[in-house]
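Work through the following exercises with the sequence and the model at hand. Each task is followed by a solution in steps.

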Amino acid sequence: MGGGGALSGVMVDSGIGKAIAHLTHGLGISPLILAWVIAALIRLSVGSATVAIITASGIVAPIMADSPGLHPALVVLALGCGSIIFPHINNAASWQVKESFGMSLRDMFQSFTVIETTVSVLGLGCVLAASALI
């Protein structure tokens, strides 16, 4: 968590959140999809869901400020869904599942990775559906 907080601090101090908010303001991209994509990209690059959600939340904060009426709970859910996509070998949960069930690395990728990615994408769909209802 400390590493995620530090990375988030560096990203916030760099102004990346404000730059992304500025760049995407006129594109019509849902802030929820943007939050999911940012968390997913961080997850893919660092491998940790915890670091992904902590870092992405710091980046997404300025985007939320530009989106009045956006429910914060939906943003948190979108970040959480994005942060669990595609667990791979540098993720502790992947190793725990692999070792606990005596799986080969290939079996882990074919099951746990597929399941987590499916949950991530379906979760985003549920968040967008909830957003339409609120």
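**Exercise 1.** Classify Ser131 as buried, partly exposed or exposed, and find what Ser131 touches.

Solution. Step 1: the relative accessible area of Ser131 is 27%. Step 2: buried means under 20% relative accessible area, exposed over 50%, and partly exposed in between, with a 1.4 Å probe and protein chains only. Ser131 is therefore partly exposed. Step 3: Ser131 belongs to helix α7, where helices are DSSP runs (H or I, at least four residues; strands are E, at least two) numbered from the N terminus. Step 4: not counting residues up to four places away in sequence, Ser131 touches Leu32 and Leu74, a contact being heavy atoms within 4.5 Å. Step 5: Ser131 and Ile38 are 93 residues apart in sequence, and their C-alpha atoms are 19 Å apart in space.

The model is predicted: local features need pLDDT of at least 70, side-chain atom pairs count only at pLDDT 80 or more, and totals for chains, interfaces and linings use all residues. Residues are numbered from 1 along each chain as its sequence is written, and side-chain values use heavy atoms, with hydrogens and water left out.

**Exercise 2.** Find the aromatic pair, and state what the pair ties together.

Solution. Step 1: rings of Phe, Tyr and Trp (its six-membered ring) pair if their centres lie within 6.5 Å; planes under 30 degrees apart count as stacked, over 60 as edge-to-face and the rest as tilted. Step 2: the count is one aromatic pair. Step 3: Phe86 and Phe109 form this stacked pair, with 6.4 Å centre to centre and 25° between the planes. Step 4: Phe86 is in the loop between α5 (72–83) and α6 (92–100) and Phe109 is in helix α7 (residues 105–133), so the pair ties together parts that are 23 residues apart in sequence. Step 5: Phe86 is partly exposed at 36% relative accessible area, and Phe109 is partly exposed at 27%. Step 6: Phe86 has a positive phi of about 45° although it is not a glycine.

**Exercise 3.** Describe the surroundings of His88.

Solution. Step 1: His88 lies in the loop between α5 and α6. Step 2: its relative accessibility is 12%, so His88 counts as buried. Step 3: beyond residues up to four places away in sequence, His88 touches Arg43, Leu44, Gly47, Ser94 and Phe109.

**Exercise 4.** How many salt bridges does the structure hold, and which side chains meet?

Solution. Step 1: a salt bridge is a side-chain nitrogen of Lys or Arg within 4 Å of a carboxyl oxygen of Asp or Glu. Step 2: the structure holds one salt bridge. Step 3: the side chains of Glu99 and Lys98 meet in a salt bridge at 2.9 Å, N to O. Step 4: Glu99 is exposed at 52% relative accessible area, whereas Lys98 is buried at 13%.
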